[in-house]
Amino acid sequence: MSDCILWAGRRNPKGYGLTKWKGRTCGAHRLAYCKSNGITPDDIVGLVVMHTCDTPSCVNPLHLAIGTFADNNRDKAMKGRGTPGVPRKLTHAVAEEIRALYVKGSPTQGMNALARRYGLAPRSMWLLLQGKTYRAP
């Protein structure tokens, strides 16, 4: 893999580079991804630009990939990142995705495996699977 290209400008408290685009603050990695793919940040509203290198200040287009919030959460969980014990804010769409993936007793698709993958406490996952939280609007 090629080396990271670290953003030398302003960064947010989590280390992500910040720049301006059309008068608005924009993630430097988002703008780098867009420029390298011939699109604008407006084209990727609702999506995230993920770092395959896990370096927040990296703007190397070869280290950047587009995805959904669920993709990013899965990637973080598979890499053992995130903040244990801090609840994640899920969308109804992600909750439905989890319910569709769930297979009772499965070591990879069971309640505990999905809780780890999505960064949820087992109790929170149980409530979600029971339909007690994140019910369809």
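Author: What covers the buried residues of H3 includes helix H2 (69–78), helix H4 (111–118) and helix H5 (122–129). The model is a predicted one, in which local features need pLDDT of at least 70 and side-chain atom pairs count only at pLDDT 80 or more, whereas totals for chains, interfaces and linings use all residues. Residues are numbered from 1 along each chain as its sequence is written, and side-chain values use heavy atoms, with hydrogens and water left out.

Reader: How are the elements assigned, and in what order do they run from the N terminus on?

Author: Helices (H or I, at least four residues) and strands (E, at least two) are DSSP runs, numbered from the N terminus. The chain has five helices and four strands, in the order β-β-α-β-β-α-α-α-α.

Reader: Which residues of H3 are buried?

Author: An α-helix has 3.6 residues a turn, so residues three or four places apart point the same way. Buried means under 20% relative accessible area, exposed over 50%, and partly exposed in between (1.4 Å probe, protein chains only). In H3 (residues 92–101), the buried residues include Val94, Ala95 and Ile98. Viewed down the axis of H3, the buried residues fall within an arc of 105° (taken from the directions from the helix axis to the C-beta atoms), so they line one face of the helix. Ala93 and Ala100, on the other side of H3, are exposed.

Reader: At roughly what angle do the axes of H2 and H4 cross?

Author: Axes are lines fitted to C-alpha atoms, for helices over the stretch in contact, and angles run from 0 to 180 degrees between N-to-C directions. The axes of H2 and H4 come within 7 Å and cross at roughly 105°. The two helices, H2 and H4, are therefore roughly perpendicular to each other (65 to 115 degrees). With contact meaning heavy atoms within 4.5 Å, Asn73, Arg74 and Ala77 in H2 meet Arg116, Arg117 and Tyr118 in H4.

How values were computed: Angles under 35 degrees count as roughly parallel, over 145 as roughly antiparallel, 65 to 115 as roughly perpendicular and the rest as oblique.
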